[in-house]
Amino acid sequence: MGLTLAGASKVAKNDNLLLITDGENLQKCNEYLSDSEFSALASSKKKGATQFALPQANRTIFVQSIKESDCAIRQKEVMRKEGNELLDLFKYSKIDNVHVINLAKENFAFELLEGMVLGNYQFLKYFKNTEPKKNLLKKIKVHSSALNKKELDRLKIITDATCAARTLVNEPLSYLTAERLSEEFKTLSKEAGIKVEVYKKKKITSLKMGGLLSVNKGSVDPPTFTIMEYKPAKAKNKKPIVLVGKGVVYDTGGLSLKPTSNSMDFMKSDMAGAAIAACSIYAIARAKLPIHVISLIPATDNRPGGNAYVPGDVITTYSGTNVEVLNTDAEGRMILADALHFAKKLKPELVIDFATLTGSAARAVGSLGIVYMGNADKETKSKLETSGYSMHERLVEFPLWEEYGEMLKSDIADIKNVGGPYAGAITAGKFLQHFTDYPWLHLDVAGPSYVHTADSYRGKNGTGVGVRLIFDFISNY
Ligand code: BES
Ligand code: ZN
Ligand code: ZN
C-alpha cells in the first residue's frame, strides 16, 4: 500500500503532528503552539470547526478535536470519517509523514487512524505512470499515547486485510482467473501461517462437484476449490468455524446473459464473498486469535461458452441433489451448494457463507447493509449484529420461513435454482439451506461490496466489506 504505520514514543523536532483533543484537553495543545496559534485554534473551535492545520517553520501541526456524542458506536464512525477527511488536509499541506498524538480523555485514535488508513487506499496497478497519482502520505507514526503496541498491530492487520480484499475485488478477470485467485490465496496463507490446499479441475471432477463444474462448463479457464485452515494450538472451539465465499471471478450471467453497462460492467466483483472468506482468515491468523477457522472457496467464471450449461439442464451436485437450472445467472448458489456440502465433513460449530448472491438483496438495502439469514441460534446472530454495528458494517435479518422453500420445487428434479419473481434474496438463501445440516448463517453482500461513487473511508469500487466484521466477531467469540 506504500503507507507505513510505526509506533513511536518520542517526538522529533520536524515531525508533522496530529494532535487529537477534546474540549477539556484543548489546553494541552499549548505545548506545541505559540500563544497566537493557540488562540486562533480556540476561536475556530468555538465556531464549530473540528479540524485545523497550522503551518509552522519546519512542520505543520494538525489538530483533530472530538465532537462528543452520547452514543459510542456513532462516535466511532464519526471518527473514522474524520480520519478520512484529514487526508484532504494532509494533501493540501503536501506532507508525507505525520505523528499522531492523543491528548483527549477518551481515546478515539484507533478509529481515526482506521478511517485514515482505509481512506488512503489506492488501486493504481493499471496506470502506466503511477507516480503523479500516488498519495503523498507515506508514513504515520503512532505515539504511545494514541495506541499501544497491541492496538497498533490490530490496526495494521485489519487495514491490511481489508485493503487486500479490496484489491482482489478490483482486479479484473483479465488478471484474476479462478486459478490466479487461488494463487493469491496461497500468498496470503503463506504470509499468515495458514495451511492451504487448492483442488484443481481434475480433483474437483473426481469429487463430482457438479455445481461448480456446471457453472464452469462455458469457460475456457478451469475452476478451483481452495481450503484454508488456521488451527491454533490452544483453540477455544473444539469444532471449527467454517467460512465459505462465493468466488465467481466474473459473472456474465452465462447463457441467461446479463445486459452490459448497467449490470455486467462490475461483475468482476462477484468474488467479493471469496475475498471476505480469505482475507478474514488471513487477519485472524495474523492476529493469532485462539479460534480454529477453515475457509472454503469455490471459484470459476460464469460464461456462455460453447459447452455452457443451459436453462433446463439438470445438474447433480456434490451432495447428490439434482438441481434443475432455470437461470444460468443464478450460478452463485450452484457453486456454494458444493462448498456447503463439503463443509458437513468438517463437523463445524458454525458455518458462515458470504456471497454477492442476489440483485434482490442489493435492491432491498442498497450499499448500506448486509442482508443475512440462517438457522444459527439467537445469541450468535445477536453477536454478529453487534459486530456489525460497531464496525459499521450493519446487518439486517431476512426470514427463512418454510413457505419460501416451496417456491423452489421443480417438476423434474429435487429442487430448481430460481424461485419466483419476489423475495429473491430469501429463495436464494433457502436454496443454500438445502445443502446444510449445521448451524449456519448466509450473508448476501451484493449491495455493499462494490460502490460506484466514493463513500468516505470505504472509497470507491471494492470496499472490502465483511472483513472487519468477521474479524471483530471472531475476536469476541
Ligand atoms: N452476481 C449476481 C448478483 C449481483 C447482482 C451481485 C448485483 C452484485 C450486484 C448473481 O449471480 C445473480 O445474477 N443473481 C440473479 C439471480 C436470479 C437469476 C434468480 C439476480 O439476483 O438477478
Ligand atoms: Zn449471476
Ligand atoms: Zn453472480
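Analyst: In this predicted model, Arg80 and Glu114 form a salt bridge whose closest N and O atoms are 2.8 Å apart. Arg80 belongs to helix α2 (residues 72-93) and Glu114 to helix α3 (residues 109-119), so this pair ties together parts that lie 34 residues apart in sequence. Both Arg80 and Glu114 are buried.

Glu114 has a further partner: its side chain also meets that of Arg468 in a salt bridge, with an N to O distance of 2.8 Å. Because Arg468 lies in helix α14 and Glu114 in helix α3, the pair ties together parts 354 residues apart in sequence. Here, too, both Arg468 and Glu114 are buried.

Helix α14 spans residues 467-475 and is mostly covered, with 8 of its 9 residues buried. Besides Arg468, the buried residues of α14 are Val467, Leu469, Ile470, Phe471, Asp472, Phe473 and Ile474.

A separate pair is Arg286 with Glu191, a salt bridge in which the closest N and O atoms are 3.7 Å apart. Arg286 is in helix α8 (residues 272-286) and Glu191 in helix α5 (residues 178-192), and the pair links distant parts of the chain, 95 residues apart. Arg286 has a relative accessibility of 23% and therefore counts as partly exposed; the cut-off for buried is under 20%.

Salt bridges that share partners join Glu77, Arg80, Glu114, Glu393 and Arg468 into one network. The structure holds 22 salt bridges.

Turning to the ligand site, ligand 1 sits in the largest pocket. It is surrounded by 16 residues, of which Lys258, Asp270, Asp329, Glu331 and Gly359 are the closest. Polar side-chain atoms approach oxygen atoms of ligand 1 from several residues: the distance is 3.2 Å for Lys246, 2.9 Å for Asp251 and 2.9 Å for Glu331. Taken alone, ligand 1 exposes 520 Å², and the protein buries 80% of that.

Key
Residues numbered from 1 in each chain as written. Chains lettered and ligands numbered in written order. Predicted model: local features only at pLDDT ≥ 70, side-chain atom pairs only at ≥ 80, totals over all residues. Heavy atoms only, no water. Buried < 20%, exposed > 50% of the residue type's maximum accessible area, 1.4 Å probe, protein only. Helix = DSSP H or I, 4+ residues; strand = E, 2+ residues; numbered from the N terminus. Salt bridge = Lys/Arg side-chain N within 4 Å of Asp/Glu carboxyl O. Near = heavy atom within 4 Å. Polar contact = N/O pair within 3.5 Å; in protein donor to acceptor, adjacent residues only side chain to side chain. Areas by Shrake-Rupley, 256 points an atom, 1.4 Å probe, with all protein chains shown as cover. 1 Å grid on protein atoms, 1.4 Å probe; cavity = no way out; pocket = protein on both sides within 12 Å on 5 of 7 lines; lining within 4 Å. Sits in = over half its atoms within 2 Å of the grid points.
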